[in-house]
Amino acid sequence: MIFKLFKELQISQLGLGNMRLPTEGFDGAVKEKEAREIIEYAYENGINYFDTAFGYVGGESERIVGKILNQYPRDTWYLATKMPGHMMKYKDGKLGFSGYMAGSDITSIAQIFEQQLEKCGVDYFDFYLLHNMCETAFDFYTNEELGVVRYLLEQKKAGRIRHLGFSTHARTKTIEQFLDIYPDTFEFVQIQLNYMDWTLQEAGRKNKLLTDRGIPVISMGSLRGGSLAKLTDEAAAMLKEARPNDSIASWAFRFLQSLPNLQIALSGMENLDTLKENIALFSNPSPTTPAEIELLQKAIAPMMNLVPCTSCRYCTDSCPAKLDIPKLISLYNEASYEKAMWLVDFTLGAMNENELPGACVECGACSALCPQSIDIPDIMKKFDNMIKNPPAPQR
Ligand code: SF4
Ligand code: SF4
């Protein structure tokens, strides 16, 4: 395992993301035995950075990750969690909540922080982040009266947070503005970083901004919710020709290894095989060369128009039509990229009318929560049109 120094800590460069613990169905109970197997294997094979958040897996991730890690000495693992400000509003002295937190009876940010310590079974967090400081959460996080940052700095002073940072899907300009408001405050920033988002989500520009300011970067979406482990047949063939024995996913991690300011590459590894492969990749580093990065860019160029959904599922709870939005977007991508409805006909045929994109009522609740700023109702409309007027078959 590659370890990289962060302040006083030697941290594994591969971190375990716990946003998608194995569950019964897509939103059922966590399969704790399987989650335990993964977290224990990760720990025992060198990973010492574990990322979770208040809302992951319906609030269960913090509890399970904390419970499993606590069987090991506290100073041998580093726990990161997040304040869910991207789902909170502050108006007239009161907190309001949306998405998975709608209907919550929480009345203060202190209550959330205390709950997190309790759920994780710890008395301090090694890393604590503002969750998704983005354009829609900017006012919440900078509200002086509420004082989220002030409160967290007090916790840091009291030794209950060791290092403070934020995760973000915001545009580069917004990140710059936020850092200017709070100079010398945030010690690390977590961004969606991979070779496809280098331009799609301005990850290259964000990485440069943070590097120039001396702020280490943690990558999330390292595999773009798994989509960089598959690619299209054409793109995969180009990469296979260059390195026949390598998996497609390995290119994403090798790309991250080529970035000098990368502190940690986070990945949610839902099964042991993936975890083992990734640990092997971070045991024998092999950063992509400039020629390989050029090849990557060439391979994905035709894919750059795909809808950039990462399957985070932030949008699904708010959908009054109960649509499986990421599944529909994935089918839409498949059908529109290949210009071939027949590729998805079988799956669509097995779905009920009320599960299809035509059931969208265009309320827009989903888009307001999407960290990728996807115009979801528009995609649902386009997909519905495509289903009703399928393009002529290409093959
Ligand atoms: S716009 Fe459509 S997909 Fe989005 S939440 Fe509303 S009904 Fe669901
Ligand atoms: S549409 Fe957006 S919020 Fe919904 S799963 Fe995809 S990336 Fe996440």
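**Figure 1. Buried residues of helix α2.** In α2 of this predicted model, the buried residues are Ser-61, Glu-62, Ile-64, Val-65, Gly-66, Ile-68 and Leu-69. Helix α2 spans residues 60–69, and because 7 of its 10 residues are buried, the helix is largely enclosed by the rest of the structure.

Figure 2. Arg-63 and Glu-60 form a salt bridge, and their closest N and O atoms lie 2.5 Å apart. The two residues are 3 places apart in helix α2, so about one helical turn separates them. An α-helix has 3.6 residues a turn, so residues three or four places apart point the same way. Arg-63 is partly exposed, with a relative accessible area of 30%. Glu-60 is also partly exposed, at 28% relative accessibility.

**Figure 3. A salt bridge between distant parts of the chain.** Glu-187 forms a salt bridge with Lys-156, with 3.0 Å between the closest N and O atoms. The partners are 31 residues apart: Glu-187 sits in the loop between α6 (172–181) and β10 (188–192), and Lys-156 in helix α5 (residues 148–157). Glu-187 has a relative accessibility of 11% and therefore counts as buried. Lys-156, with a relative accessible area of 26%, is partly exposed.

Figure 4. Asp-378 and Lys-382 are joined by a salt bridge in which the closest N and O atoms are 2.9 Å apart. Both residues belong to helix α15 (residues 376–388), where they are 4 residues apart, about one turn of the helix. Asp-378 counts as partly exposed at 30% relative accessibility, and Lys-382 counts as partly exposed at 40%. In a separate view, Glu-8, Arg-74, Asp-126 and Arg-162 are joined into one network by salt bridges that share partners. The structure holds 24 salt bridges. Side chains of opposite charge can pair when their charged atoms come close.

Figure 5. Glu-292 is part of helix α12, which covers residues 290–300. With a relative accessibility of 13%, Glu-292 counts as buried, because the limit for a buried residue is under 20% relative accessible area. The side chains of Glu-292 and Arg-254 are joined by a polar contact of 2.7 Å. Apart from neighbours within four places in sequence, Glu-292 is in contact with Arg-243, Trp-251, Arg-254 and Pro-287.

**Figure 6. The contact between domain 1 and domain 2.** The domain assignment of the protein gives domain 1 as residues 3–303 and domain 2 as residues 316–388. Taken over C-alpha atoms, the centres of domain 1 and domain 2 are separated by 27 Å. Domain 1 contributes 13 residues to the contact, and domain 2 contributes 6 residues. About 780 Å² is buried between domain 1 and domain 2, and carbon and sulfur atoms give 52% of this area. On the side of domain 1 that touches domain 2, the residues divide into 5 nonpolar, 7 polar and 1 charged. Between domain 1 and domain 2 there are 0 salt bridges. The count of residue pairs in polar contact between domain 1 and domain 2, with both residues at pLDDT 80 or more, is 1.

Methods:
Residues are numbered from 1 along each chain as its sequence is written. Chains are lettered from A and ligands numbered from 1 in the order in which they are written. This is a predicted model: local features need pLDDT of at least 70, side-chain atom pairs count only at pLDDT 80 or more; totals for chains, interfaces and linings use all residues. Side-chain values use heavy atoms; hydrogens and water are left out. Domain bounds come from an automatic or database domain assignment. Contact means heavy atoms within 4.5 Å. Buried area is the accessible area (1.4 Å probe) that two parts lose on being put together, summed over both. A salt bridge is a side-chain nitrogen of Lys or Arg within 4 Å of a carboxyl oxygen of Asp or Glu. A polar contact is a pair of N or O atoms within 3.5 Å; within protein, one must be able to donate a hydrogen and the other to accept it, and residues adjacent in sequence count only if both atoms are side-chain atoms. Ala, Val, Leu, Ile, Met, Phe, Trp, Tyr, Cys and Pro count as nonpolar, Asp, Glu, Lys and Arg as charged, and the others, Gly among them, as polar. Buried means under 20% relative accessible area, exposed over 50%, partly exposed in between (1.4 Å probe, protein chains only).
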